Amino acid sequence: MELRVLQYFLAVAREQNISAAAASLHLSQPTLSTQLKALEQELGKPLLIRGTPGSRKVTLTEEGMILRKRAEEILSLVQRTEQEIQVSDQNIAGDVLIGAGESDGVRCLFQAAGQIRRQYPDIRFHVLSGDGKDVMEELEKGLIDFGLLMQRIHDPRYETLEIPAREIWGVLMLKDSPLAQKQAITAQDLRDLPLILSRQAFSAELLSDWFGHQLTDLNIVGTYNLLYNGSLMVQEGLGYALGLEHIINTSGDSPLCFRPLSPQLEISVTLVWKKYQVFSRAAGKFLEEVRHRFANPNQTR
């Protein structure tokens with residue numbers, strides 16, 4: 001497959017119309033149609049469902065949807081590679097991509113990023129939010145440089161560095177909830193209450209250990225990927241969300257409050273990257289700064 005043809009395919013997927021895609025690519029419609037048919041023949045699968053003569057809309061087949069996702073990843077990697085190679089030796093510039101779950105520990109990375117930006121103002125930082133599963137998938141595909149996880153990784157394919165931050169589990173609830181009168185929440189307090197949990201597998205294991213039994217024995221009314229959505233469920237009265245402290249602002253006029261679990265449940269925050277990763281100069285400088293700060297937490301520059 002040629003990169004040029006993948007760009008053509010993505011234009012059609014975006015426009016949902018071959019004529020409109022051809023116009024955006026400055027191609028004739030017959031030329032674009034020929035390229036797409038050749039791509040389908042090469043792959044041996046139909047990629048597009050073409051509309052009737054009265055409807056010019058095209059939709060993607062199941063194989064077409066798979067190709068769209070992969071094509072976006074391939075072209076993104078190509079663009080990053082070109083940018084990294086084209087940067088001159090005298091000018092350290094480029095993008096650093098970090099995948100991160102919801103954690104106040106991200107603040108540590110932002111502090112390192114701020115220091116790097118003061119030294120190298122042409123370096124740009126991008127944070128992609130997602131749960132641990134999403135972050136590891138992006139890291140494995142090479143779509144991000146680093147992942148920040150609320151768990152330890154025991155995989156010889158990765159390097160890790162523990163961030164000097166600890167995350168506390170607790171319950172997010174309405175301020176007028178009876179449980180809001182307590183300073184900490186026990187497993188007994190949550191028995192039979194409607195609960196909203198993180199859908200991450202490691203969270204389920206941690207919480208089942210804390211509760212002392214399987215989560216299927218609980219009254220789970222919903223799950224969330226990012227706690228912000230979980231907080232909206234709480235605000236609308238669906239239940240009590242178990243999550244990490246400091247993610248949702250509960251000060252001021254917020255209708256919500258946070259109470260830690262008892263006994264306390266803490267997790268570590270870990271920066272992860274591929275072992276033997278060949279970093280861009282920008283990502284390499286960031287890693288140097290992160291290692292300096294976390295190896296010498298009391299040292300400032």
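This is a predicted model: local features need pLDDT of at least 70, side-chain atom pairs count only at pLDDT 80 or more; totals for chains, interfaces and linings use all residues.
## Aromatic cluster

Phe125, Phe146, Trp273, Phe279 and Phe286 together make up one aromatic cluster. Across the whole structure, a search returns five aromatic pairs. In one of them, the ring centres of Phe146 and Phe279 lie 5.0 Å apart and the ring planes meet at 20 degrees, so this pair is classed as stacked. The Phe146–Phe279 pair connects distant parts of the chain, its two members being 133 residues apart. Phe146 belongs to strand β5 (residues 146–149), while Phe279 sits in the loop between β11 (266–274) and α10 (281–295). Phe146 has a relative accessible area of 0% and is therefore buried.

A pair of aromatic rings is described by the distance of the centres and the angle of the planes. On that basis, Trp210 and Phe211 form a pair with another geometry: their ring centres are 4.9 Å apart and their planes stand at 85 degrees, so the pair is edge-to-face.

When neighbours within four places in sequence are left aside, Ala187 is in contact with Trp210, Phe211 and Ser262.

## Backbone features

Ser262, one of the contacts of Ala187, is joined to Pro263 by a cis peptide bond, with omega at about 0 degrees. Pro263 lies in the loop between β10 (256–260) and β11. Most residues other than glycine have a negative phi, and most peptide bonds are trans.

Two residues other than glycine have a positive phi: Gln16, near 55 degrees, and His246, about 75 degrees. Gln16 is found in the loop between α1 (3–15) and α2 (18–25), and at 38% relative accessibility it counts as partly exposed. His246 is in the loop between β9 and β10 and is exposed, with a relative accessible area of 55%.

## A loop residue at the surface

Glu236 occupies the loop between α9 (227–235) and β9 (240–244). Its relative accessibility of 64% makes Glu236 an exposed residue. The C-alpha atoms of Glu236 and Ala113 are 37 Å apart, and the two residues are separated by 123 residues along the chain.

## Cysteines

The structure contains zero disulfides. Cys108 is buried, having a relative accessible area of 15%. Cys257 is also buried, with a relative accessible area of 6%.

## The chain as a whole

The chain comprises ten helices and eleven strands. Along the principal axes, its C-alpha atoms fill a box of roughly 70 × 55 × 40 Å. Of the 301 residues in the chain, 43% are buried. Among contacts with a separation of 6 or more, 72% involve residues 24 or more positions apart. The Phe146–Phe279 pair, whose members are 133 residues apart, links distant parts of the chain.

The accessible surface of the chain amounts to about 16400 Å², and carbon and sulfur atoms account for 49% of this area. The chain carries 32 positive and 37 negative charges, and the mean positions of the two sets are 4 Å apart.

Definitions and conventions. Residues are numbered from 1 along each chain as its sequence is written. Side-chain values use heavy atoms; hydrogens and water are left out. A disulfide is a pair of cysteine sulfur atoms within 2.5 Å. Buried means under 20% relative accessible area, exposed over 50%, partly exposed in between (1.4 Å probe, protein chains only). Helices (H or I, at least four residues) and strands (E, at least two) are DSSP runs, numbered from the N terminus. Contact means heavy atoms within 4.5 Å. Accessible areas come from the Shrake-Rupley method with a 1.4 Å probe; for residues, only the protein chains shown count as cover. Lys and Arg count as positive and Asp and Glu as negative; His and the chain ends are not counted. The place of a charge is taken as NZ of Lys, CZ of Arg, CG of Asp or CD of Glu. Rings of Phe, Tyr and Trp (its six-membered ring) pair if their centres lie within 6.5 Å; planes under 30 degrees apart count as stacked, over 60 as edge-to-face and the rest as tilted.
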